[in-house]
Amino acid sequence: MLSTSRGISLVLAIAISGLVAAFLSLMDDATPLLIVTAGGLALAAAYLLINITLEFLVFREIGNIYSLLEKIQKKDLSEVSNKSSKSSISPLRKINSVINSYAIARQKEIDTLQKNAEFRREFIADISHELKTPIFATQGYIHTLLDGAMDDKQVRMKFLKRAAKSLDSLDILVQDLLTLNQMESGVIKFVFSDFDLKEIIDEVIEELEHKASKRKVTINFKYDLEKNYITHADRQKIYRVCQNLIFNAVKYNHDEGEVKITLKSHKNHIQVDIKDDGQGIPPEDLKRIFERFYRVEKSRNKKDGGTGLGLAIVKHILEGHKSKISVSSTVGKGSIFSFSLPLVKSTSHEETPKPETSTLK
Ligand SMILES: Nc1ncnc2c1ncn2[C@@H]1O[C@H](COP(=O)(O)OP(=O)(O)OP(=O)(O)O)[C@@H](O)[C@H]1O
Ligand SMILES: [Mg+2]
């Protein structure tokens, strides 16, 4: 009982009322009724005041600190309050607030570490799967050749070509992973120069024309002949961005589909829109397509299916240019991917511009 706030308050109140009564009894004109009344009042008032003080300023705060410490021990910080009571004058409340913020900070750290560990696990699983496919395929062809298929000239050529194709895709995968890794760790250099965005897109279209015409996909490129499309960026990397976006628009289109590329020159920037009338992307996948290895079509054997690294690289490259990629898509109708780059207004771009380098942050 003595350890509770009520017990302590009662003992102190009795002591105070005893002192008051003893003090009054020393006075000559104090009647017994006065002494008893004053003692009683002192007891009640002291009890109330001490109890309130202990309950609200000390015990409740200590209780809060204990429950917080218990939660920290149990690693259950989901309900730890984020309220700051730094402005409070009570030292106990301040201690509570410090422990509170410490616990929240540690919990955030733990959450990040757990997320990173999960991300690593997923990444290793994805990477192993992606590497396994071309390795197994090549292994299969080589072993079949060694087991006797080598003697047939036609089969030999066919299998060697297939093995070479699998190794090529393995090479592309490793190159893409290296590029992503270098961009994420900030070691990759961006070589900035002035160049014509229109020319880059023309080059990409030329490169993809054969693939597109095989599936009778038409590529339309729209721009204003009188306008300037000179930008200041890393030419090689922007080529990569356009290549993946236009290639995707062809690859994920239906046969005889259409890809429309539009360049719009604004006051300070050039907008590139790449629109297809293909299969579209479901809303739940739309926010994930920029993640590494994410593919809407999960089937690994899908003809022409890529590794799912293209858009992750596009996103990183554009971030390195302080730009970003946006997408809107309707299933069954098609998708439109857009990004912007700065417009170089000067007409003196014919003078050879000096390349500058910068590192992705
Ligand atoms: N224009 C598009 N229309 C429909 N789906 C698309 C389109 N562009 C991308 N996607 C979906 O987003 C996924 C991720 O695209 P991304 O370019 O990152 O990878 P990929 O094309 O599969 O492989 P990679 O580009 O590495 O060869 C694709 O697998 C596809 O499912
Ligand atoms: Mg792609």
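Me: Which protein atoms are the donors of the magnesium ion (ligand 2)?
Reply: They are OD1 of N244 and OD1 of N248, lying 2.2 to 2.4 Å from the ion, where donors are N, O and S atoms within 2.8 Å of the metal (3.2 Å for Na, K and Ca), and sites may look incomplete since water is not among the atoms. Residues are numbered from 1 along each chain as its sequence is written, and ligands are numbered from 1 in the order in which they are written. Because the model is predicted, local features need pLDDT of at least 70, side-chain atom pairs count only at pLDDT 80 or more, and totals for chains, interfaces and linings use all residues, while side-chain values use heavy atoms, without hydrogens or water.

Me: Are N244 and N248 buried or exposed?
Reply: Both N244 and N248 are buried, meaning under 20% relative accessible area, with exposed being over 50% and partly exposed in between (1.4 Å probe, protein chains only).

Me: Switching to salt bridges, how many are there?
Reply: The count comes to twelve, a salt bridge being a side-chain nitrogen of Lys or Arg within 4 Å of a carboxyl oxygen of Asp or Glu.

Me: What does E184 pair with?
Reply: The side chain of E184 meets that of R292 in a salt bridge, at 3.3 Å from N to O. E184 lies in helix α4 and R292 in the loop between α7 and α8, so the pair ties together parts that are 108 residues apart in sequence; helices are DSSP runs (H or I, at least four residues), numbered from the N terminus.

Me: And how accessible is R292?
Reply: R292 has a relative accessible area of 17%, so R292 counts as buried, whereas E184, at 41%, counts as partly exposed.

Note on methods
Helix = DSSP H or I, 4+ residues; strand = E, 2+ residues; numbered from the N terminus.
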